[in-house]
Amino acid sequence: MFKKKLKKIPADLVSYIQIETEAIKDANDKMMISSYCLGKLELVNWYLELLAVGSEKYIVPQSKAHLETIRDQLLACHKAIMAAKIMKPGDRPLLDIKYPKGYEG
C-alpha cells in the first residue's frame with residue numbers, strides 16, 4: 001500500500017497571519033485573512049485527526065505536539081482577527097499627517 005506524504009505546515013504561517021491582521025483596513029481584508037486562517041486551522045485539525053486514528057493512507061510530517069501548538073496559535077490569531085476594528089471610510093481623515101513629537105506648527 002502506497003502512503004501519501006502530506007505537505008508540512010510552514011513555519012512562518014502564524015507570523016504571516018499576525019502581520020496580515022495588523023494590516024486589516026476594511027471588511028474585505030478581515031474576511032480574507034479570517035478565511036485563510038480558518039482554512040489552515042481546518043488543515044491542522046485534519047492532520048491531528050489522522051495522527052489520532054493512525055492513518056494507513058497518509059504520512060503526517062509533523063508531530064502531534066507541534067501541530068497542537070500551531071492549532072493554539074491559529075485560534076489566538078483568529079480571535080485577534082475578529083477583534084480587529086475597522087474604520088468606516090467616512091471616519092478616516094483625508095490627510096493623516098504624523099507630526100514629530102513637540103511640534104506645535
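Me: Is T21 buried or exposed?
Reply: Buried: T21 has a relative accessibility of 12%, and buried means under 20% relative accessible area, exposed over 50%, partly exposed in between, with a 1.4 Å probe and protein chains only. This is a predicted model, where local features need pLDDT of at least 70, side-chain atom pairs count only at pLDDT 80 or more, and totals for chains, interfaces and linings use all residues. Residues are numbered from 1 along each chain as its sequence is written, and side-chain values use heavy atoms, with hydrogens and water left out.

Me: Ok, which helix is T21 in, and what does T21 touch?
Reply: T21 sits in α1; helices are DSSP runs of H or I with at least four residues, strands are runs of E with at least two, and both are numbered from the N terminus. Leaving out residues up to four places away in sequence, T21 touches I33, A80 and I81. Contact here means heavy atoms within 4.5 Å.

Me: How do α1 and α3 pack?
Reply: At an angle of about 5°, with the axes 10 Å apart. The axes are lines fitted to C-alpha atoms, for helices over the stretch in contact, and angles run from 0 to 180 degrees between N-to-C directions. The two helices are therefore roughly parallel; that label covers angles under 35 degrees, while over 145 is roughly antiparallel, 65 to 115 roughly perpendicular and the rest oblique.

Me: Which residues meet there?
Reply: L13, V14, I17, Q18 and T21 from α1 meet Q73, L74, C77, A80 and I81 from α3.

Me: And what about α2 against α3?
Reply: That pair packs at about 160°, axes 9 Å apart, so α2 and α3 are roughly antiparallel. Residues in the contact include I33, C37, L41 and V44 of α2 and L67, I70, L74 and I81 of α3.

Me: Switching to the core, how many residues does the largest nonpolar one have?
Reply: The largest nonpolar core has 20 residues, and I9, I17, V44, L67 and L74 have the most contacts inside it. A nonpolar core is a set of buried Ala, Val, Leu, Ile, Met, Phe, Trp, Tyr and Cys residues joined through side-chain atoms within 4.5 Å. α1, α2 and α3 each supply at least two residues, with α2 giving the most, 7.

Me: What does L74 touch?
Reply: Not counting residues up to four places away in sequence, L74 touches L13, V14, I17, C37, K40, L41 and V44.

Me: Last one: where is F2?
Reply: F2 lies in the segment before β1 (4–5) and counts as exposed, at 73% relative accessibility.
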